[in-house]
Amino acid sequence: MAASMCDVFSFCVGVAGRARGAVEVRFVSSSKGKGLFAKQLIRKGETIFVERPLVAAQFLWNALYRYRACDHCLRALEKAEENAQRLTGKPGQVLPYPELCTVQKGLHQSCPQCQVMYCSAECQQAAAEQYHRVLCTGPSQDDPLHPLNKLQEAWRSVHYPPETASIMLMARMVATVKQAKDKDRWIRLFSHFCNKTANEEEEIVHKLLGDKFKGQLELLRRLFTEALYEEALGQWFTPDGFRSLFALVGTNGQGIGTSSLSQWVHACDALELKPLDREQLDAFIDQLYKDIEAATGEFLNCEGSGLFVLQSCCNHSCVPNAETSFPENNFLLHVTALEDIKPGEEICISYLDCCQRERSRHSRHKILRENYLFVCSCPKCLLEADDPNVTSEEEEDEEEEEGEQEDAELGDEMTDV
């Protein structure tokens, strides 16, 4: 039951009409599956499309550690100054130019039953209409015996930061189908995402849950079934179906990051200031990020993940011609051209960050194999095909240090808010 092209483009917003005219989805090969191709000339710097996810969810540890985000669109709810105070551990931290903060607390709404927060009445309504009526815990929000709370606690006990997925993304998929009048349409949309073999699925689950993944996966399946069973999705609740669902989220989930502080910094960068004022502001921001790194480390953003139908058609390249970002401080994903893209040319993004792309072919392949289960054959990898299949000592040292020390600017790089 494949998703139609109307389904694929139905979640594009803003430039949806342009996206339909500018790009098309084509079958590439049995190994790569689908790909996204330009139908007309796309200039460097142009937004190719903007897409909202089918479902999105904040990471559970991220939410537990008071990274306050809209429960629907993941928009950061803290004022930039509040964000800076929490991340630096300095309650008296003051930011200049407070008027540049875009957070509007007067618009915030909470669910009257379970009290989860939204950035606006529109998000509260959208969540209620799509999935929240099924997932609302009502007065049992803090009850550890509620089936959904048991599921979330079990997930936190097996998937620690840095997080890459959330069981609640899967829960929202089920809840969406349960609430939908046209259940078949949503099942078609979710079936759009790539499928893996049983062995590949096990590798993905192992990567997410660790060495004891089989027992942990069965525990999660039982709790998931207890909380959310839906007859129309019966296959998802079987051992094989649940593993496939897990693998779908593990390989197709796109990281989302939002930050009111990052938005404030971008607004500061756009200010027209006298040279001395610019120098002072830049020095202030540099010191602020050093203070944050000392107090909080690399965890700067409200973080979660989402499933994006059109973006999932974009294949990887180590020399991408497009990039993804979240410039609106919510879950709306922008895909922007990094260079001129000619008609008929495939639109590729990179699944690696900028530092990883500079590593050796062997190191890049190792990361992609472990996380996405494919071997890259992009122009850069083909050019370096005769390079030794070893990781240099220098790169190994970098890999060890990366988890311990990462520049504060790179903390935002993965999600480029």
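Q: Why is histidine 365 called buried in this predicted model?
A: Histidine 365 lies in helix H15. Its relative accessibility is 12%, and buried means under 20%; histidine 365 therefore counts as buried.

Q: Which residues does histidine 365 touch, not counting residues up to four places away in sequence?
A: Histidine 365 touches Val375, Cys376 and Cys381.

Q: Is leucine 373 buried or exposed?
A: Leucine 373 has a relative accessible area of 6%. The limit for buried is under 20%, so leucine 373 is buried.

Q: Why does glutamine 115 count as partly exposed rather than as buried or exposed?
A: The relative accessibility of glutamine 115 is 45%. Buried requires a value under 20% and exposed a value over 50%, with partly exposed in between; glutamine 115 therefore counts as partly exposed. This residue is found in the loop between strand E6 (109-110) and strand E7 (117-118).

Q: How do you know that the peptide bond from proline 161 to proline 162 is cis?
A: Omega of this bond is near 0°, and the bond is cis. Most peptide bonds are trans. Proline 162 lies in the loop between H6 and helix H7 (167-179).

Q: What makes H7 and helix H8 roughly antiparallel?
A: H7 and helix H8 (residues 183-191) pack at an angle of about 155°, and their axes are 8 Å apart. Angles over 145 degrees count as roughly antiparallel, and that makes H7 roughly antiparallel to H8. The crossing in which H7 passes H8 is right-handed.

Q: Which residues of H7 and H8 meet?
A: From H7, Met173, Thr176, Val177, Lys178 and Gln179 meet Lys183, Trp186, Ile187 and Phe190 of H8. These residues divide into five nonpolar, two polar and two charged.

Q: What is the handedness of the crossing in which H4 passes H12, and which residues make the contact?
A: H4 passes H12 in a left-handed crossing. On the H4 side the contact is made by Ala80, Asn83, Ala84 and Leu87, and on the H12 side by Ser260, Leu261 and Trp264. The residues of this contact comprise five nonpolar, two polar and no charged.

Q: Why does valine 335 count as buried?
A: Valine 335 is at 0% relative accessibility. Buried means under 20%, so valine 335 counts as buried. It is found in strand E12 (residues 333-337).

Q: What surrounds valine 335 by contact, not counting residues up to four places away in sequence?
A: Valine 335 touches Glu46, Thr47, Ile48 and Phe49, and also Ala322, Glu323 and Thr324. Valine 335 and alanine 322 are 13 residues apart in sequence, and their C-alpha atoms are 6.5 Å apart in space.

Q: How do you know that histidine 146 is buried?
A: The relative accessible area of histidine 146 is 18%. Buried means under 20%, so histidine 146 is buried. Histidine 146 lies in the loop between helix H5 (121-135) and helix H6 (147-158).

Q: How many helices and strands does the chain have, and what part of its residues is buried?
A: The chain has 17 helices and 13 strands. Buried residues make up 49% of its 417 residues.

Key:
Residues are numbered from 1 along each chain as its sequence is written. This is a predicted model: local features need pLDDT of at least 70, side-chain atom pairs count only at pLDDT 80 or more; totals for chains, interfaces and linings use all residues. Side-chain values use heavy atoms; hydrogens and water are left out. Helices (H or I, at least four residues) and strands (E, at least two) are DSSP runs, numbered from the N terminus. Buried means under 20% relative accessible area, exposed over 50%, partly exposed in between (1.4 Å probe, protein chains only). A crossing is left-handed if the near helix is turned anticlockwise from the far one by less than a right angle, and right-handed if clockwise. Contact means heavy atoms within 4.5 Å. Ala, Val, Leu, Ile, Met, Phe, Trp, Tyr, Cys and Pro count as nonpolar, Asp, Glu, Lys and Arg as charged, and the others, Gly among them, as polar. Axes are lines fitted to C-alpha atoms, for helices over the stretch in contact, and angles run from 0 to 180 degrees between N-to-C directions. Angles under 35 degrees count as roughly parallel, over 145 as roughly antiparallel, 65 to 115 as roughly perpendicular and the rest as oblique.
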